[in-house]
Each structure stands twice: as structure tokens, then as C-alpha cells.
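The sequence and the structure are shown first.

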Amino acid sequence: MQPNVKPIDCLHFINGEFVPSGNGAVFENINPATEEVLGTVALGGKEEIELAVAAAKEALKGPWKKMTATERVNILRRVSELIMERLEELAVLESLDTGKPLWLSKSIDIPRSAYNFQFFADYIRTLGTEASQSDDIALNYAIRRPLGVVGLINPWNLPLLLLTWKLAPALAAGNTVVMKPAELTPMTATVLAEICRDAGVPAGVINLVHGFGPDSAGAALAEHPDVNGISFTGETTTGKIIMQTAAKSLKRLSYELGGKNPNIIFADSDLDEVIETTLKSSFINQGEVCLCGSRIYVERSAYQAFLDKFVAKAKELVVGDPFQEKTKVGALISEEHFHRVTSYIELAKEEGGEIILGGRRPEGLEKGYYLEPTIITGLNNNCRVVKEEIFGPVVTVIPFDTEEEVIEAANDTHYGLSATIWTNNLRRAHRVAGQIEAGIIWVNTWFFRDLRTPFGGMKQSGIGREGGVHSFEFYSELTNVCIKL
Ligand code: NAD
Ligand code: 6OD
């Protein structure tokens with residue numbers, strides 16, 4: 001099926017203007033569902049980052065600084081409205097770039113992007129600071145100021161949702177930004193720059209530089225001495241490299257990184273509900289969600305019943321063209337990622353696993369990076385397939401006998417992003433939730449989001465928390481003023 005919106009060529013957005021790279025360099029943007037070229041993307045590097053950071057630094061002193069909070073909030077609300085006015089266009093561009101089903105872009109990615117602006121615009125109006133009186137000697141109060149120029153470095157899996165998750169609070173707190181979207185998904189970030197301009201964000205406040213990570217725009221942004229903080233979402237290994245680069249100027253860092261999240265199913269849970277949500281937490285967005293529960297642990301007495309039903313339902317998921325309404329699973333993001341994910345399926349066989357569903361490119365889909373939903377059994381916690389993040393539609397299912405055993409297995413990883421627990425036993429729910437090492441725990445649900453709550457990972461899944469006041473803690477500087485009474 002042909003989408004009804006044309007793909008766009010992507011330029012940088014620096015100091016309020018769309019511009020090519022100084023040397024005119026571009027790279028190709030590939031449609032993962034067809035392997036065809038969608039268009040070109042300006043290839044930025046150090047030179048474009050220099051220009052963008054200089055513009056952002058200058059803009060900290062301009063009309064943005066002088067605006068009242070109400071004026072800034074009105075602009076953010078306008079950004080939210082314009083995103084919704086351009087919902088269809090943005091959803092098509094997101095699906096062309098990522099290979100995800102159009103219904104998903106339309107119902108989740110783009111509306112949530114608009115809501116991120118609405119939410120943080122409203123939140124900043126409610127935010128106070130603290131005051132402490134030291135007996136009758138002194139009065140202390142804190143004032144909140146912007147952090148300064150902030151670099152936003154983003155991944156390809158939820159491109160606009162995750163970019164706006166950072167951009168909205170950064171702007172609400174009065175910062176100026178340089179955004180570096182993933183090289184594989186440049187289109188909606190480019191439209192967002194236009195939307196921000198149309199909503200009245202002054203020139204230089206938001207800047208966008210396209211390009212790659214290492215030795216390219218990403219590294220130049222992480223290194224730049226005038227960038228005060230980096231909010232990064234991506235792979236744990238990339239986070240380690242950025243930390244070394246950013247250390248040269250001791251930047252503040254907020255990290256949302258990888259995960260290998262346990263989905264723990266006790267026999268007393270409602271199996272139909274478990275299956276319905278577990279299909280999503282395993283395969284939605286082709287399994288390319290950091291929160292996916294790719295390690296499924298099922299209490300032994302329910303193991304076979306779960307497996308039979310789960311496999312039967314997963315078999316019904318239609319894999320294919322993101323623009324067909326019936327499609328539930330689209331294409332993986334790139335050829336390289338397709339090979340990475342399928343290499344884990346080969347590894348699973350070497351490690352003694354049994355592929356009980358999927359594991360191959362679906363028949364009749366020779367073009368595009370399509371992979372069947374894949375369910376693997378017969379592995380244990382020592383296997384690499386169970387330990388390492390695969391970031392595709394691939395899950396392992398492992399039986400367990402006791403609560404203690406499953407808690408130990410769930411925590412036996414250097415990741416600690418999220419976990420899901422299924423049980424109707426209230427005491428057990430609290431007990432297990434209190435012992436799982438993860439920043440986000442869902443009980444009898446998955447990916448239910450309230451944007452006021454702390455969001456982020458423990459261990460090597462992240463540093464800091466975003467959401468509600470936590471975002472503003474990152475994007476603000478607090479100064480304590482102490483007045484002798
Ligand atoms: P990635 O780390 O490869 O790339 C992310 C971004 O970093 C891209 O824009 C890339 O160009 C840039 N980058 C790469 N190397 C860089 C360097 N040396 N210096 C500066 N920038 C650099 O990640 P990805 O493959 O785009 O995304 C998938 C990963 O993101 C998975 O591990 C997933 O779990 C994680 N993720 C985590 C969350 C979360 O909230 N915890 C959300 C989404 C994705
Ligand atoms: O919902 C969110 O705010 C969020 N940051 C989701 C991240 C999903 C990861 O792929």
C-alpha cells in the first residue's frame with residue numbers, strides 16, 4: 001500500500017534556518033520496509049555542531065530569556081497543537097523511517113509526542129522551589145535557572161516520542177538545545193523543528209544537526225565545552241563512550257539506556273490478561289522498545305498452558321507492510337540490525353535452545369527487514385541469549401518453581417530498567433516488586449505511563465530519572481540564597 005504523504009529530504013535547523021552541511025555532504029535515508037531510498041539527509045559534523053551550539057548559546061541571552069513563563073508555556077502548548085494538526089503527516093513519516101505499523105505511529109508515537117509538550121507546559125506552572133528557615137538566624141530559598149545549552153541525543157525506535165520527552169521539559173525550564181536524532185530516523189525531527197519555529201520558538205533556541213555518532217555530529221556535541229548537559233537515550237555501550245567524551249568538560253548527564261527486562265508470571269494470575277499484554281510487551285514495535293519484557297519467567301504449574309496459548313496467539317500476528325491496517329509487526333530498523341537480531345536466533349540454537357515459533361523472515365516478504373515473532377525455550381540464565389539485549393521480536397520463556405528463585409534470576413543481569421509481575425496475590429506483588437532491581441516495575445500491566453512518575457533505569461540501564469519533577473531537576477540549576485535575618 002502507498003502512503004499518502006511524500007518522504008522529505010532532511011536539512012539541519014540552525015539559528016532558525018534550514019541549512020545544508022557546509023561541505024554539502026549528505027547520506028541516504030533507507031526505508032526499512034522496502035529497502036528503497038526515501039531521500040537524503042544532511043551529514044553534519046564538528047562544523048555544524050559549532051554553529052548550532054554558538055546559536056544556542058547566543059539565544060540564551062535573547063527573547064527566550066526575557067519571555068515570561070506564561071509566554072513560554074503558550075508556545076509549548078502551540079507546539080502540542082501543531083503536532084496534532086500534522087498527525088497524519090508525522091505518523092506516515094515515522095512509519096516510513098522506522099518500519100513500524102502506521103496505526104502504532106498514529107495512535108501512540110505522535111499523540112504522545114504532542115502530550116509531552118502539553119504535560120511539561122502544565123507541569124512547569126505548578127513547580128515551586130524550596131525554602132528553609134534556620135531558626136531566627138537565616139532564611140534560605142532556592143531559585144531555579146536553566147541549565148544552559150543542552151544536547152539531546154536520541155535513538156531510532158520511538159524517534160519523535162523520545163525526542164519530545166526531552167525537548168519539552170528542556171524548553172519549559174528555559175534552556176536552549178541542540179538535538180542529534182538517530183541517523184536512521186531523521187524525518188519527524190526535521191518536521192518538529194519547523195513546528196517549533198511556526199509555534200513561535202525564537203531563532204537559536206532549538207537547533208537540529210543530523211549525522212552519525214562516533215567521529216561525527218554525536219561525538220562533537222558530547223565533546224563541546226559550551227554544552228552544559230547531555231540527555232542521552234540509546235545503548236549502554238554508547239552511553240559509556242559519551243561519558244568519556246563528556247568528562248572533558250564535566251557535563252551533567254541523564255541516561256536512559258538498554259534493558260533485558262523480566263516478565264514474571266505467577267500461576268495465580270489471569271492467563272487471558274497475561275497473554276494479551278505479553279503479546280504487546282514481547283512484539284509491539286517489532287520488540288524494539290527498551291521496556292519490552294524479553295525474558296519471560298513462568299511458574300512451572302502454569303508453564304505449559306501459558307506456552308500453548310502464547311504461541312497460538314503470537315502465530316496470528318500479521319507481519320508485513322507497515323501501511324496495511326492488519327499488520328501487527330512491521331520491519332526491523334535496518335539490515336545491520338536484522339543481522340544482529342537473527343544472529344541471536346542462531347546463537348540460541350548453539351546454546352541448546354528450541355525455536356518453538358518464528359525465527360525466520362516470513363514467506364513472501366523478500367524485500368524489507370521482516371522477522372517473524374520468535375519464541376525460544378530450553379535456555380537458562382547463563383545463556384547469552386538470555387543475558388544480552390536483542391532489541392527485536394525475540395523472547396525466551398523459562399519455567400521457575402519458587403519466588404526466591406525467580407527474583408534471583410530476574411536480578412541476574414547488569415541491566416535494571418523495568419520488570420513486569422503478574423499475580424493476584426497482593427502481598428506477593430508488593431514483596432516481589434520490592435526486591436526486583438529495576439527502575440520501573442509494573443504489576444498486572446505493562447507500559448502504563450503517568451508522566452509525573454520517575455522513569456529510568458538502575459545498574460547499567462541508566463543514570464538519573466526523567467518525568468515530572470525529575471526532568472526539571474536535570475534541566476535546571478538550583479541556586480540557594482541565604483539571607484541573614
Ligand atoms: P545507539 O546508542 O546506537 O544510538 C543512539 C544515539 O546515539 C544515535 O543518535 C547515535 O547517532 C548516537 N551516538 C552513537 N554513538 C555516539 C557517540 N560515540 N557519541 C555521541 N553520540 C553517539 O542506540 P540505538 O541503536 O539508536 O537505540 C537502541 C538502544 O536504545 C537500545 O539499547 C535500547 O534499549 C535503548 N533505548 C533505551 C530507552 C530507555 O528509555 N531506557 C529508550 C529507547 C531506546
Ligand atoms: O514513555 C516514556 O516516557 C519513555 N521514555 C519510553 C521509552 C521507551 C523505550 O523504548
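A polar contact is a pair of N or O atoms within 3.5 Å; within protein, one atom must be able to donate a hydrogen and the other to accept it, and residues adjacent in sequence count only if both atoms are side-chain atoms. The model is predicted, so that local features need pLDDT of at least 70 and side-chain atom pairs count only at pLDDT 80 or more, while totals for chains, interfaces and linings use all residues. Residues are numbered from 1 along each chain as its sequence is written, chains are lettered from A and ligands numbered from 1 in the order in which they are written, and side-chain values use heavy atoms, with hydrogens and water left out.

## Domains and their interface

The protein chain is assigned domain 1 (12-257 + 461-484) and domain 2 (262-451); such bounds come from an automatic or database domain assignment. The centres of domain 1 and domain 2, taken over C-alpha atoms, are 31 Å apart. To their contact (heavy atoms within 4.5 Å), domain 1 gives 33 residues and domain 2 gives 31 residues.

Between them the two domains bury about 2,500 Å², of which 62% is on carbon and sulfur atoms. Buried area is the accessible area (1.4 Å probe) that two parts lose on being put together, summed over both. Of the area that domain 1 buries against domain 2, Glu35, Trp156 and Ser461 supply 22%, more than any other three residues.

Across this interface the rule finds 12 residue pairs in polar contact, both residues being at pLDDT 80 or more. Helix 4 (87-98) and helix 5 (102-126) are the elements that give two or more residues to the side of domain 1 that touches domain 2, and the largest share of that side, seven residues, comes from helix 5. Helices (H or I, at least four residues) and strands (E, at least two) are DSSP runs, numbered from the N terminus.

The rule also finds one salt bridge across the interface, a salt bridge being a side-chain nitrogen of Lys or Arg within 4 Å of a carboxyl oxygen of Asp or Glu. The side chains of glutamate 35 and lysine 367 meet in a salt bridge, at 3.8 Å from N to O.

Glutamate 366 lies in the loop between strand 14 (354-357) and strand 15 (374-377). Leaving aside neighbours within four places in sequence, glutamate 366 is in contact with Glu35 and Arg361. Glutamate 366 and threonine 34 are 332 residues apart in sequence, yet 9.3 Å apart in space, C-alpha to C-alpha.

## Nonpolar cores

A nonpolar core is a set of buried Ala, Val, Leu, Ile, Met, Phe, Trp, Tyr and Cys residues joined through side-chain atoms within 4.5 Å. The largest one has 78 residues, and Ile83, Phe117, Leu167, Leu192, Ile206 and Leu291 touch the most other members. Each of domain 1 and domain 2 contributes at least three residues to this core. Apart from it lies another core, of 30 residues, among them Cys383, Val394, Ile421 and Ile436.

## Burial of individual residues

Buried means under 20% relative accessible area, exposed over 50%, and partly exposed in between (1.4 Å probe, protein chains only).

| Residue | Relative accessible area | Class |
|---|---|---|
| Asparagine 285 | 3% | buried |
| Glutamine 286 | 0% | buried |
| Glutamate 403 | 12% | buried |
| Lysine 166 | 0% | buried |
| Glutamate 366 | 60% | exposed |

Lysine 166 belongs to helix 6 (residues 159-172). Its side chain is joined to that of threonine 233 by a polar contact of 2.7 Å. Beyond four places in sequence, lysine 166 touches residues including Asn154, Ser231, Glu466 and Tyr475.

Glutamate 403 is found in helix 14. In this helix (residues 403-411), Glu403, Val406, Ile407, Ala409, Ala410 and Asn411 are buried, and the buried residues pack against elements including strand 16 (394-400) and helix 15 (426-433). The side chain of glutamate 403 makes a polar contact of 2.8 Å with the side chain of arginine 431.

Most residues other than glycine have a negative phi. Asparagine 285, however, has a positive phi of about 55°, and glutamine 286 has a positive phi of about 60°. Asparagine 285 is placed in the loop between helix 10 (271-283) and strand 13 (295-299), and glutamine 286 lies in the loop between helix 10 and strand 13.
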